[in-house]
Amino acid sequence: MRVLVVEDDASVADGILDGLAQANVDALHVSTGQGGLDALSSYQPDLVLLDLGLPDMDGTEVCRRIRAVSQTPIIVVSARDDEFDRVVALEMGADDYVVKPFSLEELIARVRAVLRRTRAAGEEGRRRLVFEDL
């Protein structure tokens, strides 16, 4: 499993990366929204962990741009705990929303849960019926 971590706070990113490594998850960290958009195609993650408070653009804009070109699952990880921010992020295409501070165990569980749902949906969409003469 490959996770792209888009987080400008190095200490938060380090904690997330350590937790993902302990869960045997390959992760790439970028600290800007544009870096996240660029890494989406080159790294091809299975999931994106996205902060909203990025230095170059708002995370909801990053979420919207990702969703315009990809169905890669997105979990927002943000200090913004207002209902409005959660609703906007989910409406922009996020699959889940985790408020800082959070436990790494819960974050890893949410990553696995989102991937279970999205992979199962993707597998359903890939099923095909084959008839010999068609």
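Modeller: Asp18 lies in helix α1, which spans residues 10-22. Helices (H or I, at least four residues) and strands (E, at least two) are DSSP runs, numbered from the N terminus. This is a predicted model, in which local features need pLDDT of at least 70, side-chain atom pairs count only at pLDDT 80 or more, and totals for chains, interfaces and linings use all residues. Residues are numbered from 1 along each chain as its sequence is written, and side-chain values use heavy atoms, with hydrogens and water left out.

Biologist: Why is Asp18 called partly exposed?

Modeller: Its relative accessible area is 48%. Buried means under 20%, exposed means over 50%, and partly exposed covers the values in between, with a 1.4 Å probe and protein chains only. Asp18 is therefore partly exposed. Ala10, also found in helix α1, has 46% and is therefore partly exposed as well.

Biologist: Which residues form the negative surface patch?

Modeller: Asp8, Asp9, Asp14 and Asp18 form this patch.

Biologist: What makes a group of residues a patch?

Modeller: Its members have over 30% relative accessible area and no salt bridge; like charges are joined within 9 Å, and nonpolar side chains (Val, Leu, Ile, Met, Phe, Trp, Tyr) within 5 Å. Areas come from the Shrake-Rupley method with a 1.4 Å probe, and for residues only the protein chains shown count as cover. Asp and Glu count as negative, Lys and Arg as positive, while His and the chain ends are not counted. The place of a charge is NZ of Lys, CZ of Arg, CG of Asp or CD of Glu.

Biologist: What is the overall arrangement of helices and strands?

Modeller: There are 5 helices and 5 strands, and along the sequence they follow the pattern β-α-β-α-β-α-β-α-β-α. The protein has 134 residues, of which 42% count as buried.

Biologist: Which residues of helix α3 are buried?

Modeller: In α3 (residues 59-69), the buried residues are Gly59, Thr60, Val62, Cys63, Ile66 and Arg67.

Biologist: Why is Ala89 called buried?

Modeller: Ala89, found in helix α4, has a relative accessible area of 1% and is therefore buried. Its C-alpha atom is separated by 5.7 Å from that of Thr60, 29 residues apart along the chain. Leu50, in strand β3, has 0% relative accessibility and so also counts as buried. Leu50 and Asp8 are 42 residues apart in sequence and 9.8 Å apart in space, C-alpha to C-alpha.

Biologist: Why is the contact between Arg80 and Asp58 called a salt bridge?

Modeller: A salt bridge needs a side-chain nitrogen of Lys or Arg within 4 Å of a carboxyl oxygen of Asp or Glu. For Arg80 and Asp58 the N to O distance is 2.7 Å, so the pair meets the rule. This pair links distant parts of the chain, 22 residues apart: Arg80 is in the loop between β4 (74-78) and α4 (83-92), and Asp58 is in the loop between β3 (47-50) and α3. Arg80, at 27% relative accessibility, counts as partly exposed, as does Asp58 at 29%.

Biologist: How many salt bridges does this rule give?

Modeller: The count comes to 9. Among them is the bridge between Arg65 and Glu61, at 2.9 Å, N to O. Arg65 and Glu61 both lie in helix α3, 4 residues apart, about one turn of the helix. Arg65 is partly exposed at 34%, and Glu61 at 23%. Glu106 also forms a salt bridge with Arg110, their closest N and O atoms being 2.8 Å apart. Both of these lie in helix α5 (residues 104-126), 4 residues apart. Glu106 counts as partly exposed at 36%, and Arg110 at 26%.

Biologist: Which residues are linked in a network of salt bridges?

Modeller: Glu7, Asp51 and Lys100 are linked in this way.
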